[in-house]
Amino acid sequence: MSAVVHERKPEAGSAGTLSGLTGGYLARIRGGDMGALPAVTALVVLCLFFWAAQPTFMTQGNFANLLTQGGAGIVIAMGLVFVLLLGEIDLSAGFTSGVCAAVLAVALTRQDWPWYAAIGVSLAVGVLIGLTLGVVVVRIGIPSFVVTLAAFLALQGVALKIMDNGTNISIHDKTVLAIANDNVPVLLGWALCAVAVLGYAAVLLLRYRGRAARGLAPESMAVLGLKVAGLALLLGAAVFVLSLERSYNPAFHSLKGMPIVVPLIAVLLVLWTFVLNRTSFGRHVYAVGGSQEAARRAGIDVDRIRVTAFVLCSAMAAVGGLIAASRANSVDPNTGGSDVLLKAVGAAVIGGTSLFGGRGRMLDAVLGGMVIAVIDNGMGLMGYSAGTKFIVTGLVLLLAAGVDALSRKRALPGR
Amino acid sequence: MTASAPPDPRTPVIELRGLDKSFGPVQVLHDVAFSAYPGEVTALVGDNGAGKSTLVKCVGGIHPIDAGEYLFEGAPVQVNSPRDAAALGVEIVYQDLALCDNLDIVQNMFLGREKRNGLVLDEYTMEELAAKTLAGLSVRTVKSVRQQVSSLSGGQRQTVAIAKAVLWNSKVVILDEPTAALGVAQTQQVLELVRRLADKGLAVVLISHNMNDVFAVSDRIAALYLGRTAAQVRTCDVTHAQVVELITSGRSGDLGLTGANGNGNGARA
């Protein structure tokens with residue numbers, strides 16, 4: 001990962017070697033950048049705990065269930081990462097997903113539109129909401145907390161209006177229902193897994209060759225191998241479990257393969273990670289989050305970046321609404337309401353995205369979303385009431401925000 | 001009226017004439033004239049609040065100017081944004097450095113002007129150029145160009161900020177108090193660097209409070225006094241004491257502002 005300015009030899013103690021990698025990682029953690037460590041630790045501990053307390057937790061059926069349960073929240077959290085990276089917040093993302101789901105449902109049922117047109121118009125509504133929020137925040141200068149709090153209330157009303165003050169709209173469109181209810185064929189699942197691992201290996205190899213060709217210290221082959229093997233192991237295990245038969249009566253109705261939500265989230269994860277890490281737009285998002293003044297002086301159009309982040313956030317909320325509608329087979333005025341937004345913000349923060357801006361990754365939303373889904377699911381299986389679940393989720397969020405605040409203090413002494 | 005340096009046959013790279021700038025009711029710059037020549041270090045001096053930083057921000061396109069002429073290589077130009085200034089080849093290293101703590105050295109050096117391969121950032125080229133530039137400035141204190149700026153010391157940050165300005169083969173580099181936060185050895189390095197930049201043919205503008213620094217490296221001195229140009233002189237034509245007088249009272253002997261009460265600023269106490 002690093003080039004040494006004077007000694008350009010690859011083996012000159014850079015982070016490219018195995019020991020350099022672990023050493024660099026430890027140094028980063030000591031420096032206050034915890035990365036994915038807290039979320040992964042929490043995930044492992046929680047899974048072991050629930051497994052011990054309630055063995056049904058570790059069944060293939062529940063694993064698949066967990067992923068579809070968490071899907072909508074994870075996607076909304078991914079959108080929120082853009083806004084959080086700028087040090088802003090979007091409290092209305094939950095009801096944005098609700099309104100977009102309502103538009104989707106109305107288009108599918110009352111207007112009888114085909115699924116692609118309905119999804120298209122729902123996404124367009126998401127973009128429009130984000131554009132409005134962004135322009136109000138940037139042009140008028142009202143803090144995003146207040147603007148999106150107002151939108152939180154207003155959009156709740158809009159959702160009610162669209163659904164004639166509270167009727168539930170059932171969705172019958174097969175394609176939309178398939179997203180959270182159907183599975184990818186087992187073989188295709190393995191193929192996707194192979195594509196992901198090979199793609200990752202190819203990206204790493206290309207980077208290795210690119211760096212070596214320029215005389216920059218590349219990562220050692222051992223590190224590359226370890227990374228690829230790790231991903232292959234993780235994905236392989238997940239796909240294997242999801243490929244097991246989950247139906248109680250396979251002769252009657254077979255149920256296996258990964259839920260369609262999983263590759264959908266994976267594609268979004270890769271896409272947005274690419275945008276954040278490899279394009280100048282992503283670089284500018286981090287810069288604006290780090291120091292707006294520095295970004296402005298560097299000639300970055302700060303306003304455009306901020307508006308775009310709100311647009312992306314709301315558009316992702318629309319995708320989240322689509323998943324939620326698909327999973328519930330219907331849309332009601334409470335879709336995207338209650339704790340959806342708070343859990344999504346919690347997911348991003350638990351994953352390691354800073355509320356102060358400038359630090360965070362797309363992967364954070366997925367990891368944090370998994371933590372929240374595991375708490376929800378595991379405590380539900382253990383028979384705890386909704387009240388207890390809320391309290392525990394709240395405490396976990398507080399813990400994550402505490403880690404964020406403390407690590408920030410550590411990273412920036414003197415603030 | 002301002003006293004001017006002897007006429008110079010060359011065209012200045014940057015020349016400002018009759019520059020006015022107000023923030024609301026407060027007029028910060030009055031009829032300011034300023035020029036910087038290629039291959040020379042022009043020191044911009046003045047007391048706190050004299051308008052040095054505002055003048056620099058006008059040159060850099062951060063603040064639009066209210067009135068006056070902005071000439072670049074003899075031709076009038078409009079500079080309305082930092083991008084315009086950068087396009088002309090004017091780079092400014094600000095007092096507060098303007099670096100993003102959460103980005104690494106390479107990312108900061110190319111911020112806003114990233115090298116790209118189509119849609120994708122060209123990290124290799126950027127890292128290579130950044131490392132080369134730092135090596136060219138004989139920077140020994142920075143361990144890795146992929147280090148986050150938050151982990152750097154004040155001197156290292158200054159180095160990165162200067163390297164960022166040098167990277168672009170710019171024609172004018174403006175340094176706002178580059179040595180204010182540095183130790184003795186690092187100050188010496190930065191001053192050597194400043195001289196080297198000028199010797200390479202760049203016009204360097206050095207804002208400084210430190211008369212030793214000013215007399216060590218500058219070829220010309222421009223003094224501001226309460227938002228007006230007190231004098232633009234050759235460094236070899238003046239003494240320490242004269243420059244201090246220009247800074248503190250706006251005039252020194254026959255140099256400086258002429259006004260009813262000698263400070264050119266009316267009745268302001």
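User: How are H11(A) and H13(A) oriented to each other, parallel or perpendicular?

Analyst: Two packed helices are described by the angle between their axes and the distance between the axes. Axes are lines fitted to C-alpha atoms, for helices over the stretch in contact, and angles run from 0 to 180 degrees between N-to-C directions. In this predicted model, the axes of H11(A) and H13(A) come within 10 Å and cross at roughly 105°. H11(A) and H13(A) are therefore roughly perpendicular to each other (under 35 degrees counts as roughly parallel, over 145 as roughly antiparallel, 65 to 115 as roughly perpendicular and the rest as oblique). Helices (H or I, at least four residues) and strands (E, at least two) are DSSP runs, numbered from the N terminus.

User: Which residues make the contact of H11(A) with H13(A)?

Analyst: Two residues are in contact if their C-beta atoms, placed from the backbone, lie within 7 Å. H11(A) contributes His284(A), Val285(A) and Val288(A), and H13(A) contributes Val302(A), Ile305(A), Arg306(A) and Ala309(A). By class, these are five nonpolar, one polar and one charged; Ala, Val, Leu, Ile, Met, Phe, Trp, Tyr, Cys and Pro count as nonpolar, Asp, Glu, Lys and Arg as charged, and the others, Gly among them, as polar.

User: At what angle do helix H3 and helix H10 of chain A cross?

Analyst: The axes of H3(A), residues 60-85, and H10(A), residues 261-278, cross at roughly 20° and come within 10 Å. H3(A) and H10(A) are therefore roughly parallel to each other. H3(A) passes H10(A) in a left-handed crossing, that is, the near helix is turned anticlockwise from the far one by less than a right angle (clockwise would be right-handed). Among the residues that meet are Gly71(A) and Ile74(A) of H3(A) and Ile265(A) and Trp272(A) of H10(A). This contact has nine nonpolar, two polar and no charged residues.

User: How many residues does each chain give to the contact between chains A and B?

Analyst: Chain A gives 31 residues and chain B gives 33. On the side of chain A, H11(A) supplies the largest share, six residues. That side has 13 nonpolar, eleven polar and seven charged residues.

User: Which residues touch the most other members of the largest nonpolar core?

Analyst: A nonpolar core is a set of buried Ala, Val, Leu, Ile, Met, Phe, Trp, Tyr and Cys residues joined through C-beta atoms within 7 Å. Of the 191 residues in the largest core, Leu80(A), Leu104(A), Val194(B) and Ala223(B) touch the most other members. The largest share of this core, 16 residues, comes from H13(A). Beyond its neighbours within four places in sequence, Leu104(A) has contacts that include Ile119(A) and Leu322(A).

User: Is Asp364(A) buried or exposed?

Analyst: A residue is buried if 20 or more other C-beta atoms lie within 10 Å of its own, exposed if 12 or fewer, and partly exposed in between, with C-beta atoms placed from the backbone. Asp364(A), in helix H15 of chain A, is buried, with 25 such atoms within 10 Å. Its C-alpha atom is separated by 9.8 Å from that of Val40(A), 324 residues apart along the chain.

User: How are the residues numbered, and what limits apply to a predicted model?

Analyst: Residues are numbered from 1 along each chain as its sequence is written, while chains are lettered from A and ligands numbered from 1 in the order in which they are written. In this predicted model, local features need pLDDT of at least 70, side-chain atom pairs count only at pLDDT 80 or more, and totals for chains, interfaces and linings use all residues.
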